[in-house]
Amino acid sequence: MTVTSPAPTGAATGDDVPMTHRQVLEALSGLLLGLFVAVLSSTVVSNALPRILTDLHGGESAYTWVITAALLSLTASTPIWGKLSDLVSKKLLVQIALVIYIVSSALAGLSQNTAELIACRVLQGIGAGGVTALAQICLAAMVPPRQRGRYSGYFGAVFALATIGGPLIGGVIVDTDWLGWRWCFYVGIPFSLVAILVLQRTLKLPVVRRKAKIDYLGATVITGAVSLLMIWITLAGKNYAWFSWQTLAMVGGGLLLGALAVLVESRAAEPIIPLSLFRHRTVTLAAIASVLVGVGMYGATTFLSQYFQLAREKSPTAAGLMTLPMILGLAVSSTVAGKLITRYGKWKAYLVAGTFLLAVGFGLLGTVRDDTGYGALSLYMALAGIGLGLTMQNLVLAVQNTVPREELGAASSVVTFFRTMGGAMGVSALGALMTNRVGHYLTENLAAAGVPAGHAGAAGGGEIPDLHTLPAPVVPLVTDAFGHGVGVVFLTAAPFALLAFLVVLMIREIPLRTGPQG
């Protein structure tokens, strides 16, 4: 199929007449609003899922798939959205992505069974993937790399608020009787509608007439490869052993499809992921670092929420509030670094410092237990948050500063794609590790206290326990097990951040361009 993007209409914009600072901020408000609800969709349901699945009569497998379905479609669709943005109107695409998000969110809130909910989550992930990728791409089209840092910091702050604040918002919604869990899906709809209207009025980007073919075969093969590997790592250790025929079949099939994707993309006229991108040293290293950082970014939000609820006996609302040091660290560091990058034009030092602090923060979080003082814990979270804030957006910036304008969309989405994929796979693997370690420590605690395993209730079976229903003598044994288990998870994640530090050391710094990318 051949796509012809529309000719420019109205007054000249973009390369002919650069947007003013005020115009950029106005357009940015719509992009940030869309980004907030897109990221929120992945985290707001985490604290609500037990209630949702009780009402819809879903089991443990449904719990896994409600989360995995959205991550699968988000990850797989990201490079497709990025490639489309190089072919057709970026403004139109981001509005289409928001419409998909709105429709799927409304349908998810109306779901009457888990099958309907999972199907809606797939659509939600496609819409969220589009908004997440296109927001960065639209920013890159509005301002040159040298000026981009001052604005990209806002993206990091919004990403932090949505990622870490999602469980807090979801907890408040579920705990509010007159709202209920369905509002976890409805809550983003009005904001998305406002974002569409704001973007329609304020986002003015140049649209160049260009004929191109959409690489449907490449999109299909890439989606298949990513989906198969993500399904494997999500279910391994739960539905079947890590070393089993299912693992052999899925990993072998995923690698085979991956090799086929490379072959297809090397021959496609307009590949979804142009292999020529990886001839740039910075793109290759940034992609590797993004996978490693993704493990930390998603892991921190997922396991800190469980830590505060299951090791510290806090409510979902309180657990969200207690992660504020990480939110503030990420938001402030991202914003400040962006302004400094714009002022001095240097970015590598922030990547180096960010990955180093992330490794240190995770290493310190690896020492936490259920009785760790909140002052020390706040410091550890703040260090990890600062590390993420200095790293996430600047990896995208480094790549955008390297590639030519016609590959800007594909290159930007590649970083997001690898970060999300690394995060999804990392969370699943670390989650399996946590289940194993919590079970091990709980068994030890029960044996030492002379308490029969049956008295631990669901916790003894590897399920998430309701601490309020357990016998009082058993509660401290369970909280100790979860505190120790979460510590092991962060200690395991720390080497990934350290590897990211070593990778970014090898990235060669190129001064930020002060004019449009050609």
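## Burial and overall make-up

Of the 518 residues of the chain, 58% count as buried, and this figure, like every other value here, is computed from a predicted model. The chain has 17 helices and 2 strands. Among contacts between residues at least 6 apart in sequence, 84% join residues that are at least 24 apart.

## The nonpolar cores

The largest nonpolar core holds 141 residues, and the members that touch the most others in it are Leu28, Met142, Phe308, Phe362, Leu365 and Leu395. Helix 16, which spans residues 408–449, gives the most to this core, with 17 residues. Apart from this core lies another one of 17 residues, including Leu40, Val45, Leu56 and Leu117.

## Helix 4 against helix 5

Two packed helices are described by the angle between their axes and the distance between the axes. For helix 4 (residues 90–109) and helix 5 (residues 114–142), the axes come within 8 Å and cross at roughly 155°. Because angles over 145 degrees count as roughly antiparallel, helix 4 and helix 5 are described as roughly antiparallel to each other, and their crossing is left-handed.

On the side of helix 4, the contact is made by Lys90, Leu93, Val94, Ala97, Leu98, Ile100, Tyr101, Ser104, Ser105, Leu107 and Ala108. Helix 5 contributes Leu117, Cys120, Leu123, Gln124, Gly127, Gly130, Val131, Leu134, Ile137, Cys138 and Ala141 to this contact. Sorted by class, the contact of helix 4 with helix 5 has 16 nonpolar, 5 polar and 1 charged residues.

## Helix 1 and its two partners

Helix 1 (residues 21–43) packs with helix 5 at an angle of about 150°, the axes being 9 Å apart, and the two helices are therefore roughly antiparallel to each other. The crossing of helix 1 and helix 5 is left-handed. The contact is made by Ala27, Leu28, Leu31, Gly34, Leu35, Ala38, Ser41 and Ser42 of helix 1, together with Arg121, Gln124, Ala128, Val131, Thr132, Ala135, Cys138, Leu139 and Met142 of helix 5. The residues of this contact of helix 1 with helix 5 divide into 11 nonpolar, 5 polar and 1 charged.

Helix 1 also meets helix 8 (residues 189–202), where the axes come within 8 Å and cross at roughly 155°, which makes helix 1 roughly antiparallel to helix 8. The crossing of helix 1 and helix 8 is likewise left-handed. Here Glu26, Ala27, Ser29, Gly30, Leu31, Leu33, Gly34 and Val37 in helix 1 meet Phe191, Ser192, Val194, Ala195, Val198, Leu199 and Thr202 in helix 8. By class, the contact of helix 1 with helix 8 has 9 nonpolar, 5 polar and 1 charged residues.

Ser290 has its place in helix 11, which runs over residues 281–311. With a relative accessible area of 1%, Ser290 counts as buried, since the cut-off for that class is under 20%. Leaving aside residues up to four places away in sequence, Ser290 touches Leu395, Val415, Phe418 and Arg419; of these, Leu395 is also named among the residues of the largest nonpolar core that touch the most other members.

Phe159 is found in helix 6 (residues 145–175) and, at 6% relative accessibility, counts as buried. Not counting residues up to four places away in sequence, Phe159 touches Val39, Met297, Tyr298, Met392 and Arg419. Between Phe159 and Thr132, which are 27 residues apart in sequence, the C-alpha atoms are 9.6 Å apart in space. Gly329 lies in helix 13 (residues 324–344) and is buried, with a relative accessible area of 10%. The residues Gly329 touches, again not counting those up to four places away in sequence, are Ala382, Gly385 and Ile386. The C-alpha atoms of Gly329 and Gly389 are separated by 7.2 Å, although the two residues are 60 apart along the chain.

## A loop residue with positive phi

Glu313 lies in the loop between helix 11 and helix 12 (316–322). Most residues other than glycine have a negative phi. Glu313, although it is not a glycine, has a positive phi of about 60°.

Notes: Residues are numbered from 1 along each chain as its sequence is written. This is a predicted model: local features need pLDDT of at least 70, side-chain atom pairs count only at pLDDT 80 or more; totals for chains, interfaces and linings use all residues. Side-chain values use heavy atoms; hydrogens and water are left out. Axes are lines fitted to C-alpha atoms, for helices over the stretch in contact, and angles run from 0 to 180 degrees between N-to-C directions. Helices (H or I, at least four residues) and strands (E, at least two) are DSSP runs, numbered from the N terminus. Angles under 35 degrees count as roughly parallel, over 145 as roughly antiparallel, 65 to 115 as roughly perpendicular and the rest as oblique. A crossing is left-handed if the near helix is turned anticlockwise from the far one by less than a right angle, and right-handed if clockwise. Contact means heavy atoms within 4.5 Å. Ala, Val, Leu, Ile, Met, Phe, Trp, Tyr, Cys and Pro count as nonpolar, Asp, Glu, Lys and Arg as charged, and the others, Gly among them, as polar. A nonpolar core is a set of buried Ala, Val, Leu, Ile, Met, Phe, Trp, Tyr and Cys residues joined through side-chain atoms within 4.5 Å. Buried means under 20% relative accessible area, exposed over 50%, partly exposed in between (1.4 Å probe, protein chains only).
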